[in-house]
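Colleague: I am new to this structure and would like a close look at one part of it. Could you walk me through the aromatic side chains and what surrounds them?

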Amino acid sequence: MSTDDRIRKRRNFRMPLLILGLSMTVFYLGLGSWLLLDKSFLADIQLEFRNIFATMLLIYGIYRGWRVYADYF
């Protein structure tokens with residue numbers, strides 16, 4: 001049995017990891033949205049690079065959310 005399977009099956013590890021996974025998903029989606037919508041935030045970075053980084057954060061946030069959903073629900 002791999003380490004990931006043991007962690008997923010133990011009850012006392014499930015709730016803190018679920019909370020951490022959900023909070024990181026919200027963080028990535030929130031920061032990505034904030035970078036796309038607020039042009040004055042981190043204004044010293046070029047617009048193209050900031051948009052690319054924001055898009056990558058949104059994609060990773062969606063992936064993270066999907067993994068949390070697949071693992072816990």
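Modeller: Tyr63 and Trp66 sit three residues apart in helix α3, about one turn of the helix; helices here are DSSP runs of H or I with at least four residues, strands are runs of E with at least two, and both are numbered from the N terminus. This is a predicted model, where local features need pLDDT of at least 70, side-chain atom pairs count only at pLDDT 80 or more, and totals for chains, interfaces and linings use all residues. Residues are numbered from 1 along each chain as its sequence is written, and side-chain values use heavy atoms, leaving out hydrogens and water.

Across the whole structure, a search finds six aromatic pairs. Rings of Phe, Tyr and Trp (its six-membered ring) pair if their centres lie within 6.5 Å; planes under 30 degrees apart count as stacked, over 60 as edge-to-face and the rest as tilted. Trp34 and Phe41 make a stacked pair, with 4.1 Å centre to centre and 10° between the planes. Tyr63 and Trp66 make a tilted one, at 6.1 Å and 35°. These two also belong to one aromatic cluster with Phe27, Tyr28 and Tyr60.

How open are these rings? With buried meaning under 20% relative accessible area, exposed over 50% and partly exposed in between (1.4 Å probe, protein chains only), Tyr63 is partly exposed at 41%, while Trp66 is exposed at 52%. Trp34, at 44%, is partly exposed, and Phe41, at 23%, is partly exposed too.

Phe41 also leads us back to helix α3: Arg50, which lies in that helix, has Phe41 among its contacts (heavy atoms within 4.5 Å).

Note on methods. Lists of a residue's contacts leave out its neighbours within four places in sequence.
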